[in-house]
Amino acid sequence: MTDEGREDLAGQVLERCRRAGVRLVLAEACTGGLLCAQLTDVPGASAVVERGFVPYSHESKVEQLGVSLALLQEHGSVSAEAVDAMAHGALAHSRADWAVAETGIAGPSGGTPLKPVGLAFIAVLRRGGTATVERHVFEGNRSEVRHAVARRALVLLLARLNVES
């Protein structure tokens with residue numbers, strides 16, 4: 001996707017949030033802040049983006065978001081359970097209305113037969129609601145995987161916003 005396409009999608013998300021009067025919190029364990037960067041590249045993003053977390057390690061997920069270490073040890077940090085807990089924790093540690101969380105294996109190493117390179121989990125959660133969690137296996141190099149995760153997170157958020165806001 002071109003930079004223009006990413007900016008357009010980010011701009012759509014921000015405009016939809018502005019119209020609904022909602023703020024976002026991001027928890028990015030796979031993209032390392034790329035999603036937040038894409039949103040904040042758009043002028044006026046500060047009216048929507050409340051804060052972002054980049055909890056890369058188990059310890060940071062526990063300390064920053066309150067994710068249970070036992071949950072991470074049982075399911076792994078790249079799991080539906082972990083991303084759901086990250087989304088809930090991001091809302092609990094912010095004043096935002098919506099959370100987007102993602103975790104994955106961008107590669108080129110770190111994959112296993114059960115959790116291959118390119119595996120990502122994305123969660124979108126409205127305060128007081130239930131998270132939508134998606135599992136994807138994206139193709140490409142590290143940069144392509146990270147960009148694909150960020151794009152899918154924006155698409156998923158926009159879909160939820162259009163239904164619920």
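**Figure 1. Arg 160 is placed in helix α6.** In this predicted model, Arg 160 has a relative accessibility of 9% and therefore counts as buried, the limit being under 20%. Its side chain forms a polar contact of 2.5 Å with the side chain of Glu 164. Beyond the neighbours within four places in sequence, the contacts of Arg 160 include Trp 98, Val 124 and Arg 126. Thr 130, Ala 131, Thr 132 and Ser 165 are also among them. Val 124 is 36 residues from Arg 160 along the chain, and the two C-alpha atoms are separated by 7.8 Å.

**Figure 2. The whole chain provides the setting for the close-up views.** Six helices and five strands make up its secondary structure, and they follow one another in the order α-β-α-β-α-α-α-β-β-β-α. The C-alpha trace spans about 40 × 35 × 25 Å along the principal axes. A compact globule of 165 residues would have a radius of gyration near 15 Å, and the value of 15 Å for this chain agrees with that. Of the 165 residues, 50% count as buried. Among contacts with a separation of 6 or more, 64% are between residues 24 or more positions apart. The chain exposes about 7,600 Å², of which carbon and sulfur atoms supply 50%. Its 17 positive and 19 negative charges have mean positions that lie 4 Å apart.

**Figure 3. His 147 is shown within helix α6, which covers residues 142-164.** With a relative accessibility of 23%, His 147 counts as partly exposed. A polar atom of the His 147 side chain lies 2.9 Å from the backbone oxygen of Ser 143.

Figure 4. Leu 34 is buried, because its relative accessible area of 15% is under the limit of 20%. The C-alpha atoms of Leu 34 and Val 149 are separated by 9.4 Å, although the two residues are 115 positions apart along the chain.

**Figure 5. Thr 31 occupies the loop between β1 (24-28) and α2 (34-40).** Its relative accessibility is 0%, and Thr 31 counts as buried. The side chains of Thr 31 and Glu 28 are joined by a polar contact of 2.5 Å. Neighbours within four places in sequence aside, Thr 31 is in contact with Glu 102, Arg 146, Val 149 and Ala 150.

**Figure 6. Val 25 lies in strand β1.** Val 25 counts as buried at a relative accessibility of 0%. Its contacts, apart from neighbours within four places in sequence, include Arg 51, Phe 53, Ala 90, Leu 91 and Ser 94. Ala 96, Trp 98, Ala 99 and Val 100 are likewise in contact with Val 25. Trp 98 is also in contact with Arg 160, the residue of the opening view. Phe 121 lies 96 residues from Val 25 in sequence and 17 Å away in space, C-alpha to C-alpha.

**Figure 7. Ser 79 is located in the loop between α4 (69-75) and α5 (80-92).** A relative accessibility of 4% places Ser 79 among the buried residues. The Ser 79 side chain reaches the backbone oxygen of Gly 76 at a distance of 2.9 Å. Excluding neighbours within four places in sequence, Ser 79 is in contact with Thr 103, Lys 115 and Phe 121.

**Figure 8. A cis peptide bond runs from Gly 107 to Pro 108.** The omega angle of this bond is near 10°. Most peptide bonds are trans. Pro 108 is part of the loop between β3 (98-104) and β4 (119-126).

Technical notes. Residues are numbered from 1 along each chain as its sequence is written. This is a predicted model: local features need pLDDT of at least 70, side-chain atom pairs count only at pLDDT 80 or more; totals for chains, interfaces and linings use all residues. Side-chain values use heavy atoms; hydrogens and water are left out. Helices (H or I, at least four residues) and strands (E, at least two) are DSSP runs, numbered from the N terminus. The radius of gyration is taken over C-alpha atoms; the globule rule is 2.2 Å times the number of residues to the power 0.38. Buried means under 20% relative accessible area, exposed over 50%, partly exposed in between (1.4 Å probe, protein chains only). Contact means heavy atoms within 4.5 Å. Accessible areas come from the Shrake-Rupley method with a 1.4 Å probe; for residues, only the protein chains shown count as cover. Lys and Arg count as positive and Asp and Glu as negative; His and the chain ends are not counted. The place of a charge is taken as NZ of Lys, CZ of Arg, CG of Asp or CD of Glu. A polar contact is a pair of N or O atoms within 3.5 Å; within protein, one must be able to donate a hydrogen and the other to accept it, and residues adjacent in sequence count only if both atoms are side-chain atoms.
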